Each structure stands twice: as structure tokens, then as C-alpha cells.
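Visitor: I am new to this structure. Please take me through some of its helices and loops.

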Amino acid sequence: MPSPDGRVDLRSDTVTTPTPAMRRAMAEAEVGDDVYGEDPTVNRLEELAAARVGKEAALYVPSGTMGNQIALRLLGRPGTEVLCPARAHIRQYEAAAAARNAGVQVRPLHDREGTFEPAAVDAAAEGPAHHLPPLSLVAIENTHMPAGGVPWTPAEVEAVAAAARRYGLPVHCDGARLFNAAVAVGVEAAVLAAPVDTVMFCLSKGLSAPVGSMLAGPADLIAAARSERARLGGGMRQAGVIAAAGIVALTEMVDRLADDHSRARRLAEALAERFPGSVDPARVATNIVCAASAALPASFLDDLAAAGVRAGTIDQTTVRLVTHKDVDDADLDRAIAAIGKSGD
């Protein structure tokens, strides 16, 4: 479905609109009070989500940020450090909430290629012997958004998780786009989530549900997560109305993510041809294209906007374009044509 205002919206996959099947499911959803655990549609969604990522239980939360923050509160300890990628969402895009909500300090690990090595965990674990803060948690991001949607492979996740286990550290995965990663590397999402203790994934990005994310993990942790959700104001009462769309997202919208990935590669190829050095198309494996703004004309975003194409930035040096189900081939052609004329 095209953007309501007729523009091609590549700012984010959060702009996706619910499908007709989602709207029908939402209109017909059986509901109850989820704070009492009595919403049957939410309960079905949580069971389905847990099964899809291979965990004992899952909790429906309003946003991915809340899911991540609950995990930090459960697995981190106040006065300790959490290891994460330098450009991780929990460090850069959650308004410094880790410090406020969980009382933890975030230690960034080099992530230029989108992942970090087990050796980085080993090195950080030596820190407390040299008067550095103690560690309580390792967090990864899969896919890694600022690196251009780079997916972690199962071997990479397992290697970092094994390093964390050597020091008794739990692992949380910010898997906002976990299903994009799974499709890109050709495995089930449960394979990517198997080595980690908790995993969050969004229903409201490429999977196109209008709202909501899931936090999954062991049953005892998810029971505790329910209390943390209440402390953060996340109880949503008759939430089955929106949870119904999440069920459709998980049952009907995963396989089509491959279309978004192929369109993102086409965008990257067009950018690289028009503005050499802006992006390496070979590294675009999912639905995100991150381009170096220094290689683009200063007017780039304005040029695209004038042609009816929206894009955005994620920091001072990076322009981002994101494909999703509301961008079809005709929209992509329009965006590529706008890129071709930018700077003229």
C-alpha cells in the first residue's frame, strides 16, 4: 500500500501500515484484560512469539525500547557495565534510558562491521582486575541497524554468547529486526536466538503490525518481566485488538521480507553508481541502506523530497533509506530516478 500522501517513504520500516488481513483480525479480535492475563488474543500472540524464537515464554510490550529496557532491568545490575556495540540502539537511540531505568553504564565495543568479536568480551572481562567497573550483561543487536542492517550469523552469535558464559554473563539480543536477519542468513529465528538468554523483536517494523514488540526468554524471567512492564506503565488492558495484528505479522509477513532485501540492494547499487563511495552494495544484506553523507551532495535529502521521496539520517554522517512492504517496485523505480537526478 503506497503512502497516504503519495510519497515514497524510505525513512524507516516503522511507517508500514497494517495489511487488510491485520485490519480484519483487529476488528474481530477476542479481548479481555491483559493486566489480569485474561486477553486470549494477547495470550495466543505470546505463545506464538515464544515458539517462533525458541523460548519458554514471551511478553507483549508497547515498544522495542521498552522490551530492551525491561531486559536491562532484569539481567543488568545497578552499578555495573553492559557490553554492547558502539552504535547499539540501547546506547544511542533510547535517550540514555539504561542509566535511568536500570542503573547501568554502557561500555561500547568496536562494531564497524556490525558485529564484535568474542575477544572483545574477553578483554573487557579483565577490566575489573584493573579497577574498572564490574560487568553484568552482554547485549548484541541483530540486525545491526547503523551498520546497514548487517545480520549476525548463528556462528557469530554463539561465539559471543560462549565468551559471555565463560564469565557468567547473560546475553540479551536486541532483535528489533531479528526476522530480517533470519531470512537473510537462511535460518529460523529460533536458531539465531538459541544462544541468548533474552531476545526482543519488533512486530511494527518490517512485519508491518501497527504497534508492539515481544520480549522472550525463560519462563521465570518473563514472569518477572511482567512486573517490570507494569513499573514502566506498559500494561495495555484489552490489548488483543492490536495483538491480533501481531499474530498476522508472524504468520503471514516473514517470508516476504526477502522482497525488501532485494529492493534495498537495488537502492544501494543505484547510490553507489551515482555517488561512488557512499555505500558498498555487497554489504547490504537486509532492508537498510546506510550511506555516507560526505559522499552525497548537501542537497541530497531535499532533492529526494522534491521528487516525492522521503529519506532520513541516523547521525551527523549517515543517511538512511529503508525498504518495507509499502514500497513496491514502482516506488523503488521512482526513488532510483530521484537518486539519479540528485545534485544536478
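**Loops and helices**

Guide: At 37% relative accessibility, proline 128 counts as partly exposed, a class between buried (under 20% relative accessible area) and exposed (over 50%), with a 1.4 Å probe and protein chains only. The model is predicted, so local features need pLDDT of at least 70 and side-chain atom pairs pLDDT 80 or more, while totals for chains, interfaces and linings use all residues. Residues are numbered from 1 along each chain as its sequence is written, and side-chain values use heavy atoms, leaving out hydrogens and water.

Visitor: Which residues does proline 128 touch, not counting residues up to four places away in sequence?

Guide: Proline 128 lies in the loop between α6 and β5 (135-141); helices (H or I, at least four residues) and strands (E, at least two) are DSSP runs, numbered from the N terminus. Contact means heavy atoms within 4.5 Å. With residues up to four places away in sequence left out, proline 128 touches Pro133 and Pro134.

Visitor: Is serine 208 buried or exposed?

Guide: Serine 208 sits in the loop between β7 (198-202) and β8 (213-217). Its phi is positive, about 75°, although it is not a glycine. Because its relative accessibility is 0%, serine 208 counts as buried.

Visitor: Is alanine 95 buried or exposed?

Guide: Alanine 95 is in the loop between α4 (89-92) and α5 (97-102). Its phi is near 55°, a positive value in a residue other than glycine. At 75% relative accessibility, alanine 95 counts as exposed.

Visitor: Are α8 and α12 roughly parallel or roughly perpendicular to each other?

Guide: The axes of α8 (residues 178-185) and α12 (residues 257-274) come within 9 Å and cross at roughly 80°. Axes are lines fitted to C-alpha atoms, for helices over the stretch in contact, and angles run from 0 to 180 degrees between N-to-C directions. Angles under 35 degrees count as roughly parallel, over 145 as roughly antiparallel, 65 to 115 as roughly perpendicular and the rest as oblique. With the axes at roughly 80°, α8 and α12 are therefore roughly perpendicular.
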